[in-house]
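Me: I would like to learn how to read the features of a protein model. Please take them in turn.

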Amino acid sequence: MAATNTTDRRQALQAFDDTKAGVKGLVDAGVTTVPPIFHHPPDSLPTSSSSVTIPVIDLSGPRSDVLAQVKAAAETVGFFQVVNHGVPAGLLAETLASVRRFHESPPESKAPYYTRDLAKKLRFNSNFDLFQSPAANWRDTLFCQALPDPPGEDELPPAVRCVLPAYSGAARRLAVAVLELLSEALGLARERLEEMGCADGVVVVGNYYPPCPEPRRTLGTSRHSDPAFLTVLLQDYDMPGLQVLVGGEEEEDERRRAWADVPPVAGALVINVGDLLQLVSNGRLRSVEHRVVANGSRDGRARVSVAAFCNADLSARTAARAYGPIEELVSSSAPALYRSVTVPEFLSHYDGKGLDGRPALDYFRLPRP
(Lines give C-alpha, C1' and ligand atoms only; values in the text may rest on other atoms or scores of the structure.)
Protein backbone atom coordinates (compact mmCIF):
# COMPACT_ATOMS: atom_id res chain seq x y z
CA MET A 1 0.00 0.00 0.00
CA ALA A 2 2.84 2.40 0.85
CA ALA A 3 4.42 1.85 -2.55
CA THR A 4 1.07 2.47 -4.24
CA ASN A 5 0.57 5.69 -2.28
CA THR A 6 4.07 6.82 -3.25
CA THR A 7 3.39 6.07 -6.90
CA ASP A 8 0.05 7.86 -6.81
CA ARG A 9 1.66 10.92 -5.22
CA ARG A 10 4.46 10.96 -7.78
CA GLN A 11 1.92 10.79 -10.58
CA ALA A 12 -0.11 13.63 -9.05
CA LEU A 13 3.01 15.78 -8.70
CA GLN A 14 4.01 15.09 -12.30
CA ALA A 15 0.53 15.87 -13.58
CA PHE A 16 0.55 19.18 -11.72
CA ASP A 17 4.02 20.04 -13.01
CA ASP A 18 3.10 19.14 -16.57
CA THR A 19 0.43 21.87 -16.65
CA LYS A 20 3.19 24.53 -16.41
CA ALA A 21 0.49 26.74 -14.90
CA GLY A 22 1.49 26.48 -11.25
CA VAL A 23 -0.77 27.03 -8.28
CA LYS A 24 -2.36 29.99 -10.04
CA GLY A 25 -3.56 27.56 -12.68
CA LEU A 26 -5.41 25.61 -10.00
CA VAL A 27 -7.01 28.78 -8.65
CA ASP A 28 -7.97 29.95 -12.12
CA ALA A 29 -9.58 26.55 -12.72
CA GLY A 30 -11.81 27.19 -9.71
CA VAL A 31 -10.55 24.63 -7.19
CA THR A 32 -12.53 24.76 -3.95
CA THR A 33 -10.37 22.35 -1.97
CA VAL A 34 -6.60 21.97 -1.61
CA PRO A 35 -5.29 18.90 -3.50
CA PRO A 36 -3.62 16.27 -1.27
CA ILE A 37 -0.11 16.96 -2.64
CA PHE A 38 -0.29 20.33 -0.83
CA HIS A 39 -1.51 18.99 2.54
CA HIS A 40 0.78 19.79 5.48
CA PRO A 41 0.45 18.19 8.92
CA PRO A 42 -0.87 20.54 11.61
CA ASP A 43 1.82 22.69 13.26
CA SER A 44 2.00 22.26 17.02
CA LEU A 45 3.73 25.61 17.56
CA PRO A 46 1.57 28.61 18.47
CA THR A 47 1.63 32.07 16.95
CA SER A 48 3.26 34.36 19.50
CA SER A 49 1.10 36.95 21.23
CA SER A 50 3.98 38.03 23.50
CA SER A 51 6.12 41.13 23.32
CA VAL A 52 8.47 39.55 20.74
CA THR A 53 8.69 41.95 17.81
CA ILE A 54 10.86 42.19 14.73
CA PRO A 55 12.74 45.50 15.08
CA VAL A 56 12.41 48.31 12.56
CA ILE A 57 15.74 50.15 12.20
CA ASP A 58 16.13 53.62 10.71
CA LEU A 59 19.38 53.51 8.75
CA SER A 60 19.57 57.31 8.67
CA GLY A 61 20.18 57.46 12.43
CA PRO A 62 23.56 57.91 14.14
CA ARG A 63 25.86 55.09 13.02
CA SER A 64 26.64 53.99 16.57
CA ASP A 65 22.91 53.59 17.29
CA VAL A 66 22.25 51.79 14.02
CA LEU A 67 25.20 49.45 14.62
CA ALA A 68 23.94 48.57 18.11
CA GLN A 69 20.43 47.82 16.81
CA VAL A 70 21.64 45.72 13.88
CA LYS A 71 24.01 43.77 16.14
CA ALA A 72 21.25 43.04 18.69
CA ALA A 73 18.80 41.89 16.02
CA ALA A 74 21.29 39.74 14.09
CA GLU A 75 22.49 37.99 17.25
CA THR A 76 18.99 37.19 18.53
CA VAL A 77 15.99 37.03 16.22
CA GLY A 78 18.06 37.13 13.00
CA PHE A 79 15.54 39.42 11.28
CA PHE A 80 14.98 43.17 11.16
CA GLN A 81 13.30 45.69 8.91
CA VAL A 82 15.05 48.81 7.63
CA VAL A 83 13.68 52.20 6.60
CA ASN A 84 15.50 55.17 5.04
CA HIS A 85 17.58 52.57 3.24
CA GLY A 86 18.19 54.51 0.04
CA VAL A 87 16.14 52.35 -2.33
CA PRO A 88 13.60 54.65 -4.03
CA ALA A 89 9.95 54.05 -3.15
CA GLY A 90 9.04 54.10 -6.83
CA LEU A 91 11.47 51.27 -7.58
CA LEU A 92 10.03 49.18 -4.74
CA ALA A 93 6.47 49.70 -5.97
CA GLU A 94 7.33 48.94 -9.58
CA THR A 95 9.27 45.80 -8.58
CA LEU A 96 6.25 44.38 -6.76
CA ALA A 97 3.95 45.41 -9.61
CA SER A 98 6.18 43.85 -12.28
CA VAL A 99 6.38 40.50 -10.48
CA ARG A 100 2.60 40.55 -10.09
CA ARG A 101 2.21 41.36 -13.81
CA PHE A 102 4.34 38.39 -14.77
CA HIS A 103 2.48 35.90 -12.60
CA GLU A 104 -0.92 37.25 -13.65
CA SER A 105 -0.15 37.19 -17.37
CA PRO A 106 -1.82 34.51 -19.54
CA PRO A 107 -0.58 30.93 -18.99
CA GLU A 108 0.62 30.64 -22.57
CA SER A 109 2.95 33.62 -22.12
CA LYS A 110 4.50 32.14 -18.94
CA ALA A 111 4.82 28.54 -20.12
CA PRO A 112 8.00 29.12 -22.21
CA TYR A 113 9.82 30.14 -19.02
CA TYR A 114 8.64 27.09 -17.02
CA THR A 115 11.61 24.84 -16.28
CA ARG A 116 13.45 22.92 -13.58
CA ASP A 117 16.79 23.18 -15.37
CA LEU A 118 19.11 24.66 -12.72
CA ALA A 119 21.56 25.72 -15.43
CA LYS A 120 19.12 28.33 -16.72
CA LYS A 121 19.58 31.83 -15.34
CA LEU A 122 15.85 32.50 -15.45
CA ARG A 123 13.27 29.96 -14.34
CA PHE A 124 9.55 29.99 -13.65
CA ASN A 125 8.04 27.08 -11.75
CA SER A 126 6.02 26.09 -8.72
CA ASN A 127 7.99 24.71 -5.76
CA PHE A 128 11.69 24.31 -6.61
CA ASP A 129 11.61 21.16 -4.45
CA LEU A 130 8.30 19.79 -5.74
CA PHE A 131 9.59 16.22 -6.04
CA GLN A 132 11.74 16.25 -2.87
CA SER A 133 9.67 17.91 -0.14
CA PRO A 134 7.08 16.06 1.97
CA ALA A 135 4.33 18.49 0.89
CA ALA A 136 4.08 21.13 -1.81
CA ASN A 137 3.52 24.81 -1.00
CA TRP A 138 0.77 27.12 -2.29
CA ARG A 139 3.21 29.31 -4.24
CA ASP A 140 4.63 30.01 -7.69
CA THR A 141 8.08 31.49 -8.27
CA LEU A 142 10.07 33.43 -10.86
CA PHE A 143 13.80 32.87 -10.26
CA CYS A 144 16.53 35.07 -11.78
CA GLN A 145 20.30 34.77 -11.39
CA ALA A 146 20.70 38.54 -11.42
CA LEU A 147 24.35 39.29 -10.57
CA PRO A 148 27.18 39.32 -11.50
CA ASP A 149 26.30 37.72 -14.86
CA PRO A 150 22.58 38.35 -15.50
CA PRO A 151 20.47 36.97 -18.33
CA GLY A 152 20.38 39.01 -21.52
CA GLU A 153 17.63 41.60 -21.74
CA ASP A 154 15.81 39.54 -24.36
CA GLU A 155 15.84 36.54 -21.99
CA LEU A 156 13.83 38.41 -19.35
CA PRO A 157 10.02 38.32 -19.54
CA PRO A 158 8.63 41.66 -20.78
CA ALA A 159 6.74 42.15 -17.49
CA VAL A 160 9.98 42.44 -15.47
CA ARG A 161 12.49 43.45 -18.14
CA CYS A 162 12.68 47.15 -17.26
CA VAL A 163 12.82 46.85 -13.47
CA LEU A 164 14.56 43.64 -12.39
CA PRO A 165 18.14 44.75 -13.23
CA ALA A 166 17.66 48.07 -11.39
CA TYR A 167 16.18 46.42 -8.31
CA SER A 168 18.92 43.76 -8.21
CA GLY A 169 21.61 46.43 -8.12
CA ALA A 170 19.80 48.46 -5.45
CA ALA A 171 19.28 45.39 -3.26
CA ARG A 172 22.97 44.48 -3.54
CA ARG A 173 24.06 47.99 -2.54
CA LEU A 174 21.86 47.82 0.53
CA ALA A 175 23.19 44.34 1.36
CA VAL A 176 26.77 45.63 1.21
CA ALA A 177 25.88 48.47 3.61
CA VAL A 178 24.33 45.97 6.03
CA LEU A 179 27.31 43.61 5.72
CA GLU A 180 29.58 46.51 6.71
CA LEU A 181 27.52 47.00 9.86
CA LEU A 182 27.60 43.28 10.61
CA SER A 183 31.38 43.16 10.09
CA GLU A 184 31.79 45.88 12.70
CA ALA A 185 29.32 44.10 14.99
CA LEU A 186 31.62 41.06 14.88
CA GLY A 187 34.66 43.17 15.73
CA LEU A 188 36.07 42.89 12.21
CA ALA A 189 37.15 45.51 9.70
CA ARG A 190 34.16 47.17 8.06
CA GLU A 191 34.89 45.74 4.62
CA ARG A 192 35.69 42.19 5.77
CA LEU A 193 32.46 40.42 4.85
CA GLU A 194 32.15 42.21 1.53
CA GLU A 195 35.77 41.36 0.67
CA MET A 196 34.98 37.71 1.40
CA GLY A 197 32.51 37.86 -1.47
CA CYS A 198 29.35 37.57 0.62
CA ALA A 199 27.33 39.69 -1.82
CA ASP A 200 29.17 39.11 -5.10
CA GLY A 201 26.26 37.05 -6.40
CA VAL A 202 22.58 37.99 -6.20
CA VAL A 203 19.61 35.78 -7.02
CA VAL A 204 16.22 37.50 -7.17
CA VAL A 205 13.15 35.39 -6.49
CA GLY A 206 9.67 36.75 -7.15
CA ASN A 207 7.12 34.72 -5.18
CA TYR A 208 3.40 34.72 -5.90
CA TYR A 209 0.97 33.41 -3.27
CA PRO A 210 -2.52 32.99 -4.77
CA PRO A 211 -5.56 32.99 -2.49
CA CYS A 212 -6.09 29.55 -0.99
CA PRO A 213 -9.53 27.96 -0.46
CA GLU A 214 -8.35 26.04 2.64
CA PRO A 215 -5.39 27.98 4.09
CA ARG A 216 -5.17 25.82 7.21
CA ARG A 217 -4.38 22.74 5.14
CA THR A 218 -1.20 24.07 3.52
CA LEU A 219 1.53 26.72 3.63
CA GLY A 220 2.80 29.41 1.30
CA THR A 221 6.39 28.46 2.15
CA SER A 222 7.42 25.71 4.57
CA ARG A 223 9.61 26.24 7.61
CA HIS A 224 13.19 26.88 6.48
CA SER A 225 16.25 29.10 6.77
CA ASP A 226 17.93 30.77 3.79
CA PRO A 227 20.86 29.23 1.84
CA ALA A 228 22.69 32.55 1.49
CA PHE A 229 24.81 35.01 3.43
CA LEU A 230 22.12 37.69 3.60
CA THR A 231 18.57 38.15 2.29
CA VAL A 232 16.91 41.43 1.36
CA LEU A 233 13.13 40.94 1.16
CA LEU A 234 10.49 43.21 -0.32
CA GLN A 235 6.99 42.19 0.75
CA ASP A 236 3.51 43.42 -0.05
CA TYR A 237 2.80 46.30 2.31
CA ASP A 238 -0.84 45.44 2.90
CA MET A 239 -0.76 41.64 3.04
CA PRO A 240 0.97 39.92 5.98
CA GLY A 241 2.08 36.29 5.85
CA LEU A 242 5.76 36.07 6.82
CA GLN A 243 6.42 34.52 10.24
CA VAL A 244 9.71 34.02 12.12
CA LEU A 245 10.39 31.25 14.65
CA VAL A 246 11.28 32.81 18.00
CA GLY A 247 12.07 31.36 21.42
CA GLY A 248 14.44 28.52 22.24
CA GLU A 249 17.58 28.28 20.11
CA GLU A 250 18.17 24.55 20.43
CA GLU A 251 16.03 21.62 19.31
CA GLU A 252 15.34 20.68 22.91
CA ASP A 253 13.79 24.13 23.40
CA GLU A 254 11.13 23.46 20.76
CA ARG A 255 8.33 23.60 23.33
CA ARG A 256 9.27 27.23 24.08
CA ARG A 257 9.17 28.29 20.44
CA ALA A 258 6.43 30.21 18.67
CA TRP A 259 5.79 31.92 15.36
CA ALA A 260 6.05 35.73 15.35
CA ASP A 261 4.52 37.78 12.55
CA VAL A 262 6.68 40.17 10.53
CA PRO A 263 4.08 42.88 9.92
CA PRO A 264 4.46 44.78 6.65
CA VAL A 265 5.82 48.32 7.08
CA ALA A 266 5.30 50.72 4.20
CA GLY A 267 8.61 51.56 2.53
CA ALA A 268 10.59 49.07 4.59
CA LEU A 269 12.76 46.17 3.45
CA VAL A 270 13.21 43.03 5.55
CA ILE A 271 16.78 41.84 6.20
CA ASN A 272 17.65 38.41 7.53
CA VAL A 273 20.84 36.52 8.29
CA GLY A 274 21.36 33.48 6.06
CA ASP A 275 22.86 30.09 6.84
CA LEU A 276 26.28 30.90 5.41
CA LEU A 277 26.60 34.05 7.51
CA GLN A 278 25.81 32.02 10.63
CA LEU A 279 28.51 29.57 9.53
CA VAL A 280 31.28 32.13 8.91
CA SER A 281 30.38 34.05 12.09
CA ASN A 282 30.77 30.77 14.01
CA GLY A 283 27.22 31.01 15.30
CA ARG A 284 27.44 34.62 16.48
CA LEU A 285 24.86 35.76 13.92
CA ARG A 286 21.67 33.73 13.72
CA SER A 287 20.02 32.32 10.63
CA VAL A 288 16.50 31.83 11.94
CA GLU A 289 13.82 29.56 10.52
CA HIS A 290 10.80 31.23 9.02
CA ARG A 291 7.75 30.43 6.92
CA VAL A 292 4.92 32.02 4.97
CA VAL A 293 1.35 31.07 5.84
CA ALA A 294 -1.07 30.37 3.01
CA ASN A 295 -2.94 33.36 1.65
CA GLY A 296 -6.42 33.30 3.16
CA SER A 297 -7.59 36.41 1.31
CA ARG A 298 -11.25 36.31 0.28
CA ASP A 299 -11.04 39.20 -2.17
CA GLY A 300 -9.13 37.15 -4.76
CA ARG A 301 -5.91 39.12 -4.39
CA ALA A 302 -2.56 37.31 -4.36
CA ARG A 303 0.33 38.18 -2.05
CA VAL A 304 3.65 39.02 -3.73
CA SER A 305 7.19 39.16 -2.33
CA VAL A 306 10.60 39.64 -3.91
CA ALA A 307 13.66 38.17 -2.18
CA ALA A 308 17.24 39.06 -3.13
CA PHE A 309 19.53 36.29 -1.88
CA CYS A 310 23.11 37.54 -1.55
CA ASN A 311 25.77 34.92 -1.99
CA ALA A 312 29.20 34.28 -3.43
CA ASP A 313 29.80 34.54 -7.16
CA LEU A 314 29.19 31.00 -8.37
CA SER A 315 31.19 31.34 -11.57
CA ALA A 316 33.95 28.81 -12.18
CA ARG A 317 36.53 31.36 -11.07
CA THR A 318 35.36 31.45 -7.44
CA ALA A 319 33.06 28.46 -6.98
CA ALA A 320 35.82 26.37 -5.38
CA ARG A 321 36.39 28.83 -2.52
CA ALA A 322 35.70 27.23 0.85
CA TYR A 323 33.97 29.15 3.63
CA GLY A 324 34.42 28.25 7.28
CA PRO A 325 34.27 30.09 10.60
CA ILE A 326 36.35 33.29 10.39
CA GLU A 327 39.69 32.77 12.11
CA GLU A 328 39.33 35.72 14.50
CA LEU A 329 36.00 34.35 15.74
CA VAL A 330 37.43 30.97 16.75
CA SER A 331 39.24 30.40 20.06
CA SER A 332 39.66 27.83 22.81
CA SER A 333 36.53 29.22 24.46
CA ALA A 334 34.68 29.46 21.14
CA PRO A 335 35.77 26.45 19.05
CA ALA A 336 34.70 26.12 15.43
CA LEU A 337 31.09 24.97 15.18
CA TYR A 338 31.06 24.14 11.47
CA ARG A 339 33.34 22.61 8.88
CA SER A 340 34.37 24.55 5.81
CA VAL A 341 32.17 24.22 2.74
CA THR A 342 31.99 25.63 -0.77
CA VAL A 343 28.82 27.48 -1.68
CA PRO A 344 27.98 25.02 -4.52
CA GLU A 345 28.31 22.13 -2.02
CA PHE A 346 26.01 23.89 0.43
CA LEU A 347 23.43 24.70 -2.24
CA SER A 348 23.53 21.15 -3.58
CA HIS A 349 22.72 19.81 -0.13
CA TYR A 350 19.98 22.41 0.41
CA ASP A 351 18.31 21.85 -2.96
CA GLY A 352 18.66 18.08 -2.70
CA LYS A 353 16.78 17.81 0.58
CA GLY A 354 14.23 20.52 -0.21
CA LEU A 355 12.16 22.29 2.44
CA ASP A 356 11.81 19.20 4.61
CA GLY A 357 11.81 20.94 8.00
CA ARG A 358 15.43 20.04 8.83
CA PRO A 359 17.98 22.88 9.14
CA ALA A 360 20.54 22.61 6.34
CA LEU A 361 23.32 23.88 8.62
CA ASP A 362 23.05 20.82 10.87
CA TYR A 363 24.66 18.71 8.14
CA PHE A 364 27.84 20.84 8.32
CA ARG A 365 28.06 21.12 12.10
CA LEU A 366 31.18 19.65 13.69
CA PRO A 367 30.77 17.06 16.45
CA ARG A 368 30.77 18.52 19.93
CA PRO A 369 34.00 17.78 21.81
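The dialogue below goes through helices, their packing, the backbone and some loop residues.

Me: What kind of model is this, and how are residues numbered?
Reply: This is a predicted model, in which local features need pLDDT of at least 70 and side-chain atom pairs count only at pLDDT 80 or more, while totals for chains, interfaces and linings use all residues. Residues are numbered from 1 along each chain as its sequence is written, and side-chain values use heavy atoms, with hydrogens and water left out.

Me: How many residues does helix α3 have, and what should they span?
Reply: Helices (H or I, at least four residues) and strands (E, at least two) are DSSP runs, numbered from the N terminus. The expected span of a helix is 1.5 Å times one less than its number of residues. Helix α3 (residues 63-75) has 13 residues and should therefore span 18 Å; its end C-alpha atoms are 18 Å apart, which agrees. Helix α4, with 15 residues, reaches 22 Å from its first C-alpha to its last, close to the expected 21 Å.

Me: Which residues of α3 are buried?
Reply: Buried means under 20% relative accessible area, exposed over 50%, and partly exposed in between (1.4 Å probe, protein chains only). In α3 the buried residues are Val 66, Leu 67, Val 70, Ala 73 and Ala 74. They cover an arc of only 140° around the axis, so they are on the same side of α3. The arc is that of the directions from the helix axis to the C-beta atoms.

Me: What covers the buried residues of α3?
Reply: Their cover includes β1 (56-58), β2 (79-83), α6 (164-185) and β10 (269-273). Contact here means heavy atoms within 4.5 Å.

Me: Which residues are buried in α9, and what do they pack against?
Reply: In helix α9 (residues 343-353), the buried residues are Val 343, Phe 346, Leu 347, Tyr 350 and Lys 353. Seen down the axis of α9, these fall within an arc of 145°, so they line one face of the helix. They pack against β6 (219-224), α8 (275-280), β12 (303-311), β13 (322-323) and β14 (341-342).

Me: How is the packing of two helices described?
Reply: Two packed helices are described by the angle between their axes and the distance between the axes. Axes are lines fitted to C-alpha atoms, for helices over the stretch in contact, and angles run from 0 to 180 degrees between N-to-C directions. Angles under 35 degrees count as roughly parallel, over 145 as roughly antiparallel, 65 to 115 as roughly perpendicular and the rest as oblique.

Me: At what angle do α3 and α6 cross?
Reply: Their axes cross at roughly 80° and come within 9 Å. The helices α3 and α6 are therefore roughly perpendicular to each other. Residues making the contact include Val 66, Leu 67 and Val 70 of α3, and Leu 181 and Leu 182 of α6.

Me: At what angle do α4 and α6 pack?
Reply: Helix α4 (residues 89-103) packs with α6 at an angle of about 125°, and their axes are 10 Å apart. The two helices α4 and α6 are therefore oblique to each other. On the α4 side Leu 91, Leu 92 and Thr 95 take part, meeting Ala 166, Tyr 167 and Ala 170 in α6. Leu 91, Leu 92 and Thr 95 are among the buried residues of α4.

Me: Is Gly 90 buried or exposed?
Reply: Gly 90, found in helix α4, is exposed, with a relative accessible area of 52%.

Me: Where is there a cis peptide bond?
Reply: A cis peptide bond joins Leu 147 and Pro 148, with omega about 5°. Pro 148 lies in the loop between β4 (140-147) and α6.

Me: Which phi values are positive in residues that are not glycine?
Reply: Asn 84, in the loop between β2 and α4, has a positive phi of about 50°. Asn 127 has a positive phi of about 65° and sits in the loop between β3 (122-125) and β4. Asn 127 is buried, with a relative accessible area of 0%.

Me: What does Ser 281 touch?
Reply: Not counting residues up to four places away in sequence, Ser 281 touches Leu 186 and Leu 329. Ser 281 is in the loop between α8 and β11 (290-293) and counts as buried at 0% relative accessibility. The C-alpha atoms of Ser 281 and Leu 186 are separated by 7.6 Å, although the two are 95 residues apart along the chain.
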